[in-house]
Amino acid sequence: MDKRFAPTALVLALAAALPVHAQSNEELLKELRALRDRVNQLEQKLQQQQQAPAPAPVPAGQWGMTPEQARELARVATKAEAMQDNFSDQGFKGLKISGQMDPTFIYNKRLNNSGFVFLNGESARYTYDNTYFGMVVLDFDKETEGGTKWRLTLAPERGTGALTNSGSIVHEASVSIPLGDLQTRLWLGQIPDWTGYEITLPAGNKLITHNLLFDFMAPTNYTGAVLDVTRGKWWARVGLANVNTARKAPGNNAPALIYRVDYSKGEFDGFGFTGLHGKAANFAATGTWQRDTGTVDANGDPIFEEAGFASAGKDTDVHLFEVDAYYIRGDLSLYGQLSYGQQKGSAIYNSDGQLRDARWWGLSGTVAYKFTPRLEGVLRADYIDNKKNGGGLLGYSFDDGINGIGRGLNADMSYAKGATVGTNRYALTMGLNYRFDEDSLFKVEYRIDGASQPVFLNSTATSVSKTNHLFGASMVVSF
């Protein structure tokens, strides 16, 4: 039987099998004719589809594009490859450029001074109210295909180079070369100090000013060679370097041993320790010494006068060691540091040409809590014990009435506790920081500095106090 008539016969058979009920023969015939016509229409459409030519296959690799679209894609691919080659040939491959700046406002009660601090020059001394803020920083990082890392950080006026290398704008210039594997490296150049839980540049700190241990008990930078090793959760750096100088003065030959070891227990807690052992500049040895006049003041203390130079330009032995740790859980952040230091012949009190040793120790702790994802409150407390031989800290072998270092003074400018007793220092800092957007951070802080003796001179050097007050505000913008 012809297959074309199979559907028609089947329909007729089904229709005949259905009960007719009350329909007449004429009505039933009409329905059957309509059903037959519909089946014939469907058969015609099926035949037309079978006779239609098959669509042309899509050319391989064109994903349904027209020839013009395929040619355009080829042109784009060629341009992209050329740009990539040119980018690599010009040295931009593996290069990252970043930067930051932080215009800052500072009010210092004792100095009767307030105003903006931004790019102030090297003639301005390093003080706790004039440290690494008010900066502009441009950072270049590059890693080659072989794993060598280059870094150049430029920070005019207030970088480490401005303080240790005659106003240089270079904050860091270093290269790190892999030795066998990427986790074992030789690191050379000018490297900022790595002591403690605070870092140098403002974008990485929660407050504007730094803690007392950072400012007065740690080096500024190193120039030398360091072995950098990472193994699991441990990261160790040890090397030989000049301390706070790009080149030692004539007659000084021995570099210092420097090291830092960090252990990251997890993503949110860890500890580290830092050491320095060797020779560094002694500012007591390059200045004047005090000679006993044989008389006493109203308190019965001997009166001294400055006389002569003592072994100018001589480096002396320094030993520094500190341990720091951090703990972060949710909105709470905790940081702590304990430091010790001593330097031979660098104390503030030196009589009859005899240089005396300086010795000091200190504590610092910071607590931060995020009230909201953007707003964080910060509280920091610092303390330095510095009584021995009239005081004296790393790089500070003189009485300093701005930083509150050295011997205290009475109203008549005689020594409050004698010429041989230095001053202990503390500071309490409260602040807020607000994350305005991904690149902008607002900071504000209020700081109280205190001492065990009157050491803070006023702006006219006519009165001395045991305390000082500071207010600061800044905006840190980075990219």
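R237, R260, D262, E322 and D324 are linked in a network of salt bridges, a salt bridge being a side-chain nitrogen of Lys or Arg within 4 Å of a carboxyl oxygen of Asp or Glu. The model is predicted, so that local features need pLDDT of at least 70 and side-chain atom pairs count only at pLDDT 80 or more, while totals for chains, interfaces and linings use all residues. Residues are numbered from 1 along each chain as its sequence is written, and side-chain values use heavy atoms, with hydrogens and water left out.

**Salt bridges**

- A search of the whole structure finds 20 salt bridges; in general, side chains of opposite charge can pair when their charged atoms come close.
- D317 forms a salt bridge with K279, in which the closest N and O atoms are 3.0 Å apart.
- The side chains of E376 and K206 meet in a salt bridge of 3.2 Å, N to O.
- Because E376 lies in strand β17 (residues 375–385) and K206 in the loop between β7 and α5, the pair ties together parts that are 170 residues apart in sequence.
- E376 is buried, with a relative accessible area of 5%, whereas K206 counts as partly exposed at 23%.

**Buried polar side chains**

- T209 is placed in the loop between β7 and α5 and counts as buried, at 2% relative accessibility.
- The side chain of T209 makes a polar contact of 2.7 Å with that of E445 and another of 3.0 Å with that of R447; a polar contact is a pair of N or O atoms within 3.5 Å, where within protein one must be able to donate a hydrogen and the other to accept it, and residues adjacent in sequence count only if both atoms are side-chain atoms.
- Not counting residues up to four places away in sequence, T209 touches Y128, T131, F133, R380, E445, R447 and L470, contact meaning heavy atoms within 4.5 Å.
- T209 and D129 are 80 residues apart in sequence, yet their C-alpha atoms are 6.9 Å apart in space.
- D139, found in strand β4 (residues 136–143), is buried with a relative accessible area of 7%, and its side chain is joined to that of T153 by a polar contact of 2.6 Å.
- With residues up to four places away in sequence left out, D139 touches K96, I97, S98, R151, L152 and T153.

**Nonpolar core**

- The largest nonpolar core has 43 residues, of which F216, Y222, I258, L276, W360 and L393 touch the most other members; such a core is a set of buried Ala, Val, Leu, Ile, Met, Phe, Trp, Tyr and Cys residues joined through side-chain atoms within 4.5 Å.
- Helix α5 gives the most to this core, with 4 residues.
- Leaving aside neighbours within four places in sequence, F216 is in contact with Y128, L393, L394, Y396, N403 and I405.

**Backbone**

- N244, in the loop between β9 and β10, has a positive phi of about 60° although it is not a glycine, and this residue is partly exposed, at 26% relative accessible area.
- A461, in the loop between β20 (456–457) and β21 (464–465), likewise has a positive phi of about 60° without being a glycine.
- As a general rule, most residues other than glycine have a negative phi.

**Overall build**

- The secondary structure of the protein comes to 5 helices and 22 strands, and buried residues make up 40% of its 479 residues.
- Among contacts between residues at least 6 apart in sequence, 60% join residues at least 24 apart.

Key
Helices (H or I, at least four residues) and strands (E, at least two) are DSSP runs, numbered from the N terminus. Buried means under 20% relative accessible area, exposed over 50%, partly exposed in between (1.4 Å probe, protein chains only).
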